[in-house]
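Work through the exercises below with the sequence and the model open side by side. Try each task before reading its solution.

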Amino acid sequence: MTNDNEPNIIPSTLSRRIEGDGTFIEIEIYRIEGEEGWILEVVDEDDAATIYEDRFDSEQAALQEVLDAIAEHGVRVYLEEGFPDDEEEGDAFTIH
C-alpha cells in the first residue's frame, strides 16, 4: 500500500560516496517531482545530515558545492566540527 500524499523523489546520478581525512560522507542529490531545483544532503559516518536550505538550479551545481567545500576545508568539514565561521560565504544549510 502506498501513500498518495508522499512526494515522488527523483535521485541524481551524481549522488556518491566520498572518502578522505579518515572518514567518509554520502552526497545525496535529489529533487521532488513537479518542483523546481535540486536538494543537496550530505550524510556523515554517524548518519548526521547536512541539508542545504537553498535548492540548486542543477544537480551538477549541487555536487560542485560539496566538492568546493571539500577542496577548501577537507571532508571533515561535514562532520560535527562543521564549517569555520565565514560571514561572507552565506551558505544556508541545516544539520540534523
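**Exercise 1.** Is Asp21 buried, partly exposed or exposed?

*Solution.* The model is a predicted one, in which local features need pLDDT of at least 70 and side-chain atom pairs count only at pLDDT 80 or more, while totals for chains, interfaces and linings use all residues. Residues are numbered from 1 along each chain as its sequence is written, and side-chain values use heavy atoms, with hydrogens and water left out. The classes are set by relative accessible area, where buried means under 20%, exposed over 50%, and partly exposed in between (1.4 Å probe, protein chains only). With a relative accessible area of 45%, Asp21 is partly exposed. Asp21 lies in the loop between β2 (16–20) and β3, strands being DSSP runs of E with at least two residues and helices runs of H or I with at least four, numbered from the N terminus. Although Asp21 is not a glycine, its phi is positive, at about 55°.

**Exercise 2.** Determine which residues join Arg17 in a network of salt bridges.

*Solution.* The criterion for a salt bridge is a side-chain nitrogen of Lys or Arg within 4 Å of a carboxyl oxygen of Asp or Glu. Take Glu19 to begin with: its side chain meets that of Arg17 at 3.1 Å, N to O. Next, Glu26 forms a salt bridge with Arg17, with the closest N and O atoms 3.4 Å apart. As for accessibility, Glu19 is exposed at 59%, whereas Arg17 is partly exposed at 43% and Glu26 is partly exposed at 27%.

**Exercise 3.** Find the salt bridge partner of Arg55, and say which parts the pair ties together.

*Solution.* The partner is Glu35, the closest N and O atoms being 2.8 Å apart. Because Arg55 lies in the loop between β5 and α1 and Glu35 in the loop between β3 and β4, the pair ties together parts that are 20 residues apart in sequence.
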